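Subject: Structure handover and notes

Hello,

Please find the structure below. My notes on it follow directly after.

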Amino acid sequence: MSEKKIPYKIYLEESEMPKQWYNVRADMKNKPEPLLNPGTLKPMSFEELQGVFCDELVRQELNDTDAYIDIPEEIRNFYKMYRPAPLVRAYCLEKKLGTPAKIYYKFEGNNTSGSHKLNSAIAQAYYAKEQGLKGVTTETGAGQWGTALSMACSYFDLDCRVYMVKVSYEQKPFRREVMRTYGAKVTPSPSDTTNVGRKILEEFPGTGGSLGCAISEAVEAATGMEGYRYVLGSVLSQVLLHQSIIGEETKAAFKKYDIKPDIIIGCAGGGSNLGGLISPFVGEKLRGEADYRIIAVEPASCPSLTRGKYVYDFCDTGKVCPLAKMYTLGSGFMPAPNHAGGLRYHGMSSVVSRLYHDGLLEAVAVEQTSVFEAAEQFARVEGILPAPESSHAIKVAIDEALKCKETGEEKTIVFGLTGTGYFDMVAYEKFHNGEMSDYVPSDEDLAKGFAGIPSFPGNEVF
Ligand SMILES: *Cc1c(COP(=O)(O)O)cnc(C)c1O
């Protein structure tokens with residue numbers, strides 16, 4: 001058997017970049033459940049969603065049938081500024097671990113926003129511009145999404161208003177300033193600029209805010225201003241669609257060298273990078289063409305897949321958004337304050353939730369000190385300083401590679417390295433100083449979050 005020599009980095013040519021996104025919903029027999037209007041409990045119609053999101057993005061959100069959707073040329077041109085992203089063979093990590101496993105990672109951190117989020121930000125900004133809108137509003141937690149969106153909006157000359165979770169606004173001034181460099185207006189949330197923000201401030205004075213709360217504010221701001229729409233960086237099916245570029249490039253790069261992965265691993269916050277990475281592979285699984293082991297990795301402190309309920313829930317704290325059927329911890333759930341590793345959203349993309357529910361992927365929850373240990377181990381041999389979020393996937397990739405060391409199996413493992421961690425050095429500092437602790441919510445803690453899940457016939461939480 002002659003094997004082609006695998007380079008350290010597999011790059012596609014620009015001409016080999018995917019020209020279409022892949023919509024895994026088209027191949028799913030069990031479709032993800034539709035978004036519901038919280039008032040009527042009926043599926044959200046095009047017209048209802050149109051008030052919140054751009055028209056074309058609503059069409060994509062509701063499209064469960066077209067497997068391939070053309071990527072407009074302007075978006076492809078923007079992609080070329082930082083894509084194709086390399087598929088890296090982690091030779092140095094393999095050597096360090098002494099494993100017969102072959103480890104690959106798809107590196108999405110090679111742009112100023114430092115994460116995969118730009119893949120969807122540029123698509124959403126493009127459709128907003130095409131519709132003739134003035135601007136968009138959004139929320140951001142640690143700031144990666146806000147940064148990506150501000151870059152995309154400046155490219156298309158759109159106004160960008162970002163509601164940033166207040167603790168991050170105060171504790172992470174660098175991302176905030178990157179956003180302002182690209183022209184975004186950044187408001188700490190909760191703020192007194194919206195009704196929902198004022199209400200939350202009244203109820204919880206001094207709160208540091210949450211993603212769910214910032215979402216409510218951004219939606220209210222968008223619907224209250226002429227020529228504005230709301231955009232979201234994860235969770236939605238349209239975002240997973242845009243992120244399918246990750247999986248398609250990965251598949252094309254493997255194909256060049258006749259490689260078939262055995263295990264595909266991604267970190268899961270709202271599910272967008274994971275969904276994007278796995279989509280083309282899950283498609284093969286759904287069509288019965290191939291089989292892969294797929295693992296979603298989440299923090300033990302915010303375990304929506306491994307310990308959440310699969311029910312309809314609110315997407316935001318202010319309960320202004322549609323209901324989504326997903327694995328959820330309840331919209332009132334907040335991870336413990338010592339949680340530093342990101343991935344803190346209470347729910348999970350309804351596409352990923354459905355696939356998980358149907359047994360197409362597995363999920364594991366890992367504790368944050370073990371995640372930072374893996375991050376450091378990776379950084380020291382592979383050079384890249386990984387984002388804490390991405391490091392959840394690194395942790396499980398290393399675990400799987402070490403299992404191969406025990407069994408002698410030469411499995412091919414690929415994971416999504418979603419971004420870099422330069423703006424997360426406070427978390428790394430805590431880890432280095434031995435001040436980082438692990439927190440796993442008790443069943444009683446989780447019960448409090450579950451209590452906030454809306455109850456209606458067919459949606460009982462037992
Ligand atoms: C936002 C983010 C994530 C998690 O979001 P998903 O929607 O679950 O992909 C993971 N890694 C990085 C670097 C991020 O910025």
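Strand β6 (residues 135-140) is covered on both faces: Gly135, Thr137 and Glu139 lie on one side, Val136, Thr138 and Thr140 on the other, and all are buried. Buried here means that 20 or more other C-beta atoms lie within 10 Å of the residue's own, exposed means 12 or fewer, and partly exposed is in between, with C-beta atoms placed from the backbone. The count for the strand is thus 6 of 6 residues buried. Strands (E, at least two residues) and helices (H or I, at least four) are DSSP runs, numbered from the N terminus.

Two points on conventions. The model is predicted, with local features requiring pLDDT of at least 70 and side-chain atom pairs counted only at pLDDT 80 or more, while totals for chains, interfaces and linings use all residues. Residues are numbered from 1 along each chain as its sequence is written.

The sheet around β6

β6 belongs to an open sheet of 4 strands in the order β8-β7-β6-β9, with parallel pairing. The edge strands, each pairing on one side only, are β8 (185-189) and β9 (228-230). From one strand to the next the twist averages 25 degrees. Two strands count as paired if DSSP finds at least two bridges between them. β6 and strand β7 (residues 159-165) have 6 bridges, in the parallel sense. Gly135 has Asp159 of β7 as its bridge partner, and Thr140 has Met164 of β7.

Helix α10 (residues 211-224) lies across β6, β7, β8 and β9 and runs at about 170 degrees to β6. Axes are lines fitted to C-alpha atoms, for helices over the stretch in contact, and angles run from 0 to 180 degrees between N-to-C directions.

Glu139

Glu139 lies in β6. Why does Glu139 count as buried? It has 29 C-beta neighbours inside 10 Å, and therefore counts as buried. Leaving out residues up to four places away in sequence, Glu139 touches Tyr163, Ser189, Leu211, Ala214, Ile215 and Ala218. A contact requires C-beta atoms, placed from the backbone, within 7 Å of each other. Glu139 and Glu217 are 78 residues apart in sequence, and their C-alpha atoms are 7.9 Å apart in space.

Helix packing

Two packed helices are described by the angle between their axes and the distance between the axes.

α5 and α6: the helices pack at an angle of about 40 degrees with their axes 8 Å apart, and α5 passes α6 in a right-handed crossing. A crossing is right-handed if the near helix is turned clockwise from the far one by less than a right angle, and left-handed if anticlockwise. α5 contributes Leu118, Ala121, Ile122, Ala125, Tyr126 and Lys129 to the contact, and α6 contributes Ala148, Leu149, Met151, Ala152, Cys153, Tyr155 and Phe156. By class, this contact has 12 nonpolar, no polar and 1 charged residues. Ala, Val, Leu, Ile, Met, Phe, Trp, Tyr, Cys and Pro count as nonpolar, Asp, Glu, Lys and Arg as charged, and the others, Gly among them, as polar.

α5 and α11: the axes of α5 (residues 118-130) and α11 (residues 237-256) come within 8 Å and cross at roughly 125 degrees. That angle makes α5 oblique to α11. Angles under 35 degrees count as roughly parallel, over 145 as roughly antiparallel, 65 to 115 as roughly perpendicular, and the rest as oblique. This crossing is right-handed. Asn119, Ser120 and Ala123 of α5 meet Val239, His242, Gln243, Ile245 and Ile246 of α11. These residues divide into 4 nonpolar, 4 polar and no charged.

α6 and α8: α6 (residues 144-156) and α8 (residues 173-181) pack at about 15 degrees, with their axes 8 Å apart. α6 is therefore roughly parallel to α8. Their crossing is left-handed. Gly146, Thr147 and Ser150 of α6 meet Arg175, Val178 and Met179 of α8, a set with 2 nonpolar, 3 polar and 1 charged.

Strand β5

In strand β5 (residues 102-107), 6 of the 6 residues are buried, so the strand is largely enclosed by the rest of the structure. Lys102, Tyr104 and Lys106 point one way, and Ile103, Tyr105 and Phe107 the other. β5 pairs with strand β4 (residues 87-89) in the antiparallel sense over 3 bridges, where Arg89 stands opposite Tyr104. With strand β15 (residues 412-417), β5 pairs in the parallel sense over 6 bridges, and Ile103 stands opposite Ile413.

Regards

Methods. Two residues are in contact if their C-beta atoms, placed from the backbone, lie within 7 Å.
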